[in-house]
Amino acid sequence: MALTEAGSVRLNVKPVQGDLRFTLITWGVLLLLIGLWEMLPRLGLVSAIILPPFSSVAAALYSLMLTDFFLGHFIVTLREILIGFVLGTAIGFAIGVALAIWPTVKRVAYPFVVGFQAIPKIVFAPLFIAWFGFGETSKVVMAVVIAFFPVLINTMVGLESVPSDAMRLMRSIRATPMQSFLKVSLPHALPMIFAGVKAALTFAVIGAIVGEFVGASEGLGYLVDLYNNQLRIDRVFAVVVVLAAIGAGGYFLLEWLDKKLIFWRSEENK
């Protein structure tokens, strides 16, 4: 405890206590969901064919990871996701910058970009298979097509929302356009750009799996389709758990990088 200037007693409640409370609540909710997952099929409330017990899925995941083919499928999907994510992020950032700093380019190209985004991307999957074959290229292209748009929009909106006073200040000190971009526009837009990058990662996972559903002979999406046809629902759930771990792991890694690289956002929120 500490005594304030007004003489009142102030409790030194550390932020970590609040974090610990929310962590415990999160783990409690997770354990509750796992318990429901285990009990519903055990009590006959849900067919085990539709929803296998959690323990069966855990056993299927363990046996699947011990097989000699799982690692190969895992690496294929992970490679498709990472390449699609990196290319999609780079393309979305480049187009977003071009649309933000060149109004003429935006007036001409923006309707086409929005129109392309309005198309359900799954319709492209058969076309990409026809154009690029059944290999990894068609899945990477699918991931790029789905992942680039959130980065594009967030980059464009972030750069366009730079305060006009800041830009006038840069012009008053005779800063070049590149200096204004690197020292004012980009730092201001980075928090919003990073939000788009995090969304792009989850979309890249979706793109790669959709591509593998449509036509593939390897990858985690191929395994899901295979086990679903064999009614090995426990293994389907096991692969879904692996995909969730990939997406969540990548997202939290980007969240950590966000806090480390864009440190000025935390200082502004204090």
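The largest pocket is lined by Val97, Ala100, Ile101, Leu159, Glu160, Val162, Met167, Pro177, Met178, Ser180, Phe181 and Ser185. This is a predicted model, where local features need pLDDT of at least 70 and side-chain atom pairs count only at pLDDT 80 or more, while totals for chains, interfaces and linings use all residues. Residues are numbered from 1 along each chain as its sequence is written, and side-chain values use heavy atoms, with hydrogens and water left out.

**The pocket**
- The largest pocket has a volume of about 280 Å³.
- A pocket here is an open set of points on a 1 Å grid where a 1.4 Å probe fits, with protein on both sides within 12 Å along at least five of seven lines, and lining residues have an atom within 4 Å of a point.
- Helix H3 (70-101), helix H6 (136-160) and H8 each give at least two residues to this lining; helices are DSSP runs (H or I, at least four residues) numbered from the N terminus.
- H8 brings the largest share of the lining, five residues.
- By type, the lining has nine nonpolar residues, two polar and one charged.

**The helix pair**
- Helix H5 (residues 124-132) and helix H8 (residues 177-214) have axes that come within 9 Å and cross at roughly 70°.
- H5 and H8 are therefore roughly perpendicular to each other (65 to 115 degrees).
- Ala125, Pro126 and Ile129 of H5 meet Val210, Gly211 and Val214 of H8, with contact meaning heavy atoms within 4.5 Å.
- Five residues of this contact are nonpolar, one is polar and none is charged.

How values were computed. Axes are lines fitted to C-alpha atoms, for helices over the stretch in contact, and angles run from 0 to 180 degrees between N-to-C directions. Angles under 35 degrees count as roughly parallel, over 145 as roughly antiparallel, 65 to 115 as roughly perpendicular and the rest as oblique. Ala, Val, Leu, Ile, Met, Phe, Trp, Tyr, Cys and Pro count as nonpolar, Asp, Glu, Lys and Arg as charged, and the others, Gly among them, as polar. Grid points are joined across faces, edges and corners, and a volume is the space filled by probe spheres set on the points.
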